[in-house]
Each structure stands twice: as C-alpha cells, then as structure tokens.
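Subject: Structure handover

Dear colleague,

Here is the structure for your files. My notes follow below it.

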Amino acid sequence: MSKKALFYEKMADNKVRCNICHRHCVILDKKRGFCKGRENNSGELYAVNYGKVCSMAIDPIEKKPLFNFHPNSSVFSVATGGCNFRCLHCQNWQISQYAPDDIPYNELYPEDIVNMAVKYNCDGIAYTYTEPTIFYELMNDTSNIAKEKALFNTMITNGYIEKEPLKNLKIDAMNIDIKGNEKFYKEVCFAKLEPVLETCINAKKLGIHCEITNLIIPTYNDAIEDIRLIIEFVKDKLGKETPLHFTGFYPDYKLTNVPPTPAEPLINAQKMAIEEGLKYVYVGNVPGCDENTYCPNCGELLIKRRGFSVIENNLDVVGSSCKCPKCREKIDIII
C-alpha cells in the first residue's frame with residue numbers, strides 16, 4: 001500500500017519537489033526520487049515504501065549506539081529499502097541501495113509495528129538500518145501510536161532530514177552520523193556535510209537526546225584535523241555533555257580494499273575528545289575497546305558494558321536524575 005507523502009510541493013507539468021530531505025528532488029511524473037521510496041503519480045507524491053518492512057529485530061539500545069538513553073533497554077527495530085545517500089562503505093547496502101519493492105519485505109503497518117513491540121516487551125522503537133527519513137510517513141505514524149502506548153522512539157540517521165519534517169516527529173532520541181569532512185561527504189557519500197551539522201543543532205534545540213557517531217575509515221577520514229573538526233563541532237555547537245562514539249570500520253560494499261580500523265586511532269580520538277572536555281566519549285566496533293561509562297568528574301565506573309550488554313550499573317538514580325555514587329556529580333543519562 002502506498003500512502004500520500006508529506007512535505008512536498010506541486011510544480012508545473014505534473015512535476016513535484018520533495019522537501020523531506022536536503023536533496024529536494026524534483027521528480028517527474030511516474031518517476032521516483034533519489035531515495036527510491038517516493039514516487040510521483042500524476043502530480044501527487046506517494047510513499048511507496050509505506051508498510052514494506054524489509055528488516056526487523058529486537059535490539060539492545062546500546063546497539064544503535066545509544067549509551068546515555070535508557071541504558072539496558074530493548075527496542076523493536078524496523079527499516080524499509082532505500083536511502084538518500086550512496087555511501088561506498090555502507091554496511092547495510094543489501095537493503096539500503098535497493099528500492100523497497102525490489103527486495104523481500106513483510107507487510108507491516110504502524111499498528112502492527114507497535115503491537116509487536118508491546119508483544120515482545122520492548123521499551124521503544126528504533127527506526128534504523130537504512131535511513132529512516134526516506135520512510136518518513138511510516139515512522140511518523142508509528143511514532144504517534146508508540147507514544148500512546150508509552151513507548152519511546154529513536155531514530156538512527158545520517159542527518160539529512162529537513163528542519164520542518166524533523167520538528168513534526170515525535171522522536172525522543174537520535175544517533176546522528178557525522179561521517180567526515182566536506183570532501184569525504186562529496187566523494188564517499190555523494191552528499192554534503194553542512195545539512196548534517198544543521199540537523200544536529202536543530203535536534204538539540206528541539207530537546208531531542210542526541211548522540212553522535214563517527215565511523216573512522218583508514219586513509220579516508222582518520223586524519224587528526226578531520227577528527228578534531230568533529231570534536232570541536234560537538235563541543236561548541238552541541239555541548240560537552242553530548243555523547244560521541246568513535247567506531248571501527250570493516251571492509252564492505254565498494255570499500256573492500258580498505259583494511260579494518262585498528263584500535264589505536266579510535267583510542268587516540270577518544271583521548272583527544274576527552275582532553276577537549278567532552279564528558280562521554282566511547283569507542284566501539286573493535287575488540288578490546290572500553291565501552292564503559294565513567295563519571296566525567298571523578299572517573300568512577302558508572303556503567304560497565306560487554307559488547308551490547310550492560311553487566312553493571314552503578315548509577316545513583318533519584319526520580320529522573322542520575323548522580324555519581326562517589327562524588328555526586330550530575331550524570332547526563334536519561335533513565
């Protein structure tokens with residue numbers, strides 16, 4: 001079932017301009033936009049991915065990764081086919097680089113998704129795996145119903161969503177990728193950096209819990225100046241309390257000739273960020289890296305993790321407030 005799309009404008013000659021993301025695709029009649037999920041039908045734009053769920057799973061929130069938002073909770077994760085990026089290193093290219101009706105899918109609608117989340121005792125829903133902006137109508141309708149059932153909504157995103165669509169969503173938390181510098185976005189993602197940074201700032205202004213991820217790829221975005229650019233943006237524009245994740249790359253899709261990221265540059269990036277005053281800096285996707293949460297004031301171990309599992313939680317929780325049990329520092333974690 002297709003559904004009438006949101007956030008578009010009609011143009012002459014039955015063309016439409018999609019305004020859901022920063023591409024602003026002008027789409028001819030009977031054609032689809034760059035993301036392959038929105039189609040012009042006689043001058044009306046339709047979400048042809050509506051209800052076509054190609055991937056679903058019950059995940060720990062830490063897998064997203066969201067470490068400072070409801071730690072140790074579970075989310076029901078969903079995605080449809082398609083994406084508004086063409087990243088050469090995409091880890092989910094088998095679904096993100098295909099149209100939603102060109103890959104296997106389950107017909108699931110918002111009520112179905114929420115009912116399954118409730119059935120499996122999930123605490124929330126994650127719109128993830130591919131870029132959720134491109135299945136906006138499904139995400140929007142689902143998030144509204146989820147709120148009625150006291151479930152939270154999380155969005156794992158490349159940050160290319162436009163300001164008004166983001167403002168309209170009932171999203172509680174976002175993990176936003178900042179992938180590299182402008183050159184990296186142009187040559188590797190076929191996109192632009194500035195709209196992503198704008199989304200990060202807008203999300204914080206809207207009161208959405210934000211965590212930032214930077215996937216470090218050897219020789220592509222691992223230069224000190226590239227890492228410093230991201231650290232300084234988080235510190236100056238989002239706040240020192242904003243969690244920053246540095247994660248390791250594994251060869252995939254069209255970057256199979258690049259070696260996996262060793263631990264050293266990830267650990268060095270983490271040290272740089274902490275030295276700049278960021279409070280919560282994590283390293284992941286590489287064996288042996290420390291993914292624990294420590295008190296930014298005294299260094300006390302607060303949350304111990306192994307992989308995506310929380311094995312120890314020492315937070316002192318009073319109501320909705322978290323404190324370090326040792327020095328009483330306020331800890332920026334949503335419980």
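How far is the sulfur of cysteine 322 from the closest cysteine sulfur, and in which residue does that sulfur lie? In this predicted model, the distance is 11 Å, to cysteine 324, which is too far for a bond. Cysteine 322 is itself buried, at a relative accessible area of 1%.

Cysteine 189 has its closest cysteine sulfur in cysteine 87, 3.6 Å away. A disulfide requires the two sulfurs to be within 2.5 Å, so this pair is too far apart for a bond. Cysteine 189 is buried, with 0% relative accessible area. The structure as a whole holds 0 disulfides.

Next, helix 2. This helix covers residues 110-119, and Pro110, Ile113, Val114 and Ala117 are buried in it. Viewed down the helix axis, the buried residues fall within an arc of 95 degrees, so they line one face of helix 2. Their packing partners are strand 7 (52-53), strand 9 (74-79), strand 11 and helix 3. After helix 2 comes asparagine 121, with a positive phi near 60 degrees.

Threonine 130 counts as buried, at 5% relative accessibility. A polar atom of the threonine 130 side chain lies 2.7 Å from the backbone oxygen of threonine 80. Leaving aside residues up to four places away in sequence, threonine 130 touches Ala79, Thr80, Gly82, Ile95, Ser96, Phe135 and Ile156.

Regards

Conventions
Residues numbered from 1 in each chain as written. Predicted model: local features only at pLDDT ≥ 70, side-chain atom pairs only at ≥ 80, totals over all residues. Heavy atoms only, no water. Buried < 20%, exposed > 50% of the residue type's maximum accessible area, 1.4 Å probe, protein only. Polar contact = N/O pair within 3.5 Å; in protein donor to acceptor, adjacent residues only side chain to side chain. Contact = heavy atoms within 4.5 Å. Helix = DSSP H or I, 4+ residues; strand = E, 2+ residues; numbered from the N terminus. Arc of directions from axis to C-beta.
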